[in-house]
Amino acid sequence: MLPRVPERLLQAEAEVISKAPPVDLSGYTRVKQELVAPPFAPAHEQVATGGPKIIEITLETTEKLMTIDPDTGAEIWALTYNGSVPGPLIIAHEGDYVEVTLRNPVDSVFEHNIDFHASTGALGGGGLTHVFPGEETVLRWKATKPGVFTYHCAPGGEMIPYHVCHGMNGTVMVLPRDGLKDGKGNPLRYDEIAYIGEQDYYLPRNEDGSFKKYAVAGDDYADSLEAMRTLVPTHSVFNGAVGALTGDKALRSKVGSTVLMIHNQANRDTRPHLIGGHGNYVWEAGSFNDAPATNLETWLIRGGSSGAAMYTFEQPGVYAYVNHNLIEAVLLGATAHFVVEGEWNNALMEQVVKPYSFAT
């Protein structure tokens, strides 16, 4: 078991922090960012105008009962930021500050906090944001590294994987001030963002194989830890539930539109693949300081990170976006659909002969 940080070390860190001089924030403009539920992105500039800003956001830790597979009735007391799995996408530019108000409602069961992989110091802010039910705190951190980065709850010990595997994670995107670039320094622009969080769940089962149900958040704690120790997820889904991004909930686009696909996996490695398309530009490890790889068929998002891929749709139809561990895509739920409108181009693909029987 991962132990909590010793209290004496935390006290020493707190003493150092208390002696730090205040930051000069003159010249910074405050901007309130209205966060939206995945798979969508908040309003933002791709190329920053004006000087650096203080991006104000609010995250509320919400514990809610979620059905993650309607076909089996599987459900979980999800631990969330702002009620969604994954938590909302946060967007800033390099040099900006992100100032987050973290609120834990009175009726919560658990203590919560937040670790921003994009930030520097104090366990990613996790050491400064512990809030018990009925508390809130404000943390400000500077976005010094451009890229896409995971954030997640990390209260300490066994509670870290328990919270992460109950949905408490998301992504921060820090854009370069002059926008995204290809490997030669040419600007890259996107028309849309598709924000996808891949979540592995470990649901306890009854003796007959059905999934257990629990009356309140936290009742599954001991059973969940036992299921998690198998390292075998019962579900691996996009945006919280089986089918969350398919059917009537499929992502929509058009031929000629460029989509930036942001993919978060806070716990396990995954292998995104767009069936019928490609990663024209891919930042596998998430760093926008590095030149993107080009024309990838499948890319790797390391566990505990976010990555990004850009593609311009060239044909209409349904594209399946999957974890290309096809067992997880088909059997565990890691599938999304893009429904793309437009005119078909036979120069790219044509059915020369329809299927017919060759039996004599």
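Tutor: First, a term: helices of at least four residues and strands of at least two are DSSP runs, numbered from the N terminus. Also, this is a predicted model.
Student: Okay. Where is Asp 269 found?
Tutor: Asp 269 lies in the loop between strand S15 (258-265) and strand S16 (272-275).
Student: What does Asp 269 touch?
Tutor: Not counting residues up to four places away in sequence, Asp 269 touches Leu 300, Ile 301, Arg 302 and Gly 303. The side chain of Asp 269 also reaches the backbone nitrogen of Gly 303, at 2.7 Å.
Student: And how far apart are Asp 269 and Val 98?
Tutor: They are 27 Å apart in space, C-alpha to C-alpha, and 171 residues apart in sequence.
Student: New topic, the core. Which residues of the largest nonpolar core touch the most other members?
Tutor: Leu 59, Tyr 81, Ile 90, Phe 116 and Trp 141, out of 31 residues in that core.
Student: What is Ile 90 in contact with?
Tutor: Leaving aside neighbours within four places in sequence, the contacts of Ile 90 include Leu 59, Val 98, Phe 116 and Tyr 151.
Student: What about a second core? Which residues does that include?
Tutor: The second core is separate and has 20 residues, among them Ala 194, Ala 309, Tyr 311 and Ala 334.
Student: On to strand S3. How many of its residues are buried?
Tutor: Eight of eight, across residues 74-81. Ala 74, Ile 76, Ala 78 and Thr 80 point one way, while Glu 75, Trp 77, Leu 79 and Tyr 81 point the other way.
Student: How does S3 pair with strand S2, parallel or antiparallel?
Tutor: Antiparallel, over eight bridges, with S2 spanning residues 53-69. The hairpin has four residues between the strands, and Gly 73 takes a positive phi near 75°.
Student: Last one, helix H3. Which residues are buried?
Tutor: Ser 224, Leu 225, Ala 227 and Met 228, in a helix that covers residues 221-228. Seen down the axis, the buried residues of H3 fall within an arc of 165°, so they line one face.
Student: What sits on the face turned away?
Tutor: The exposed residues Ala 222 and Glu 226. Helix H2 (159-164) is part of what covers the buried residues of H3.

Definitions and conventions:
Residues numbered from 1 in each chain as written. Predicted model: local features only at pLDDT ≥ 70, side-chain atom pairs only at ≥ 80, totals over all residues. Heavy atoms only, no water. Core = buried A, V, L, I, M, F, W, Y, C linked by side-chain atoms within 4.5 Å. Buried < 20%, exposed > 50% of the residue type's maximum accessible area, 1.4 Å probe, protein only. Contact = heavy atoms within 4.5 Å. Polar contact = N/O pair within 3.5 Å; in protein donor to acceptor, adjacent residues only side chain to side chain. Pairing = 2+ DSSP bridges. Arc of directions from axis to C-beta.
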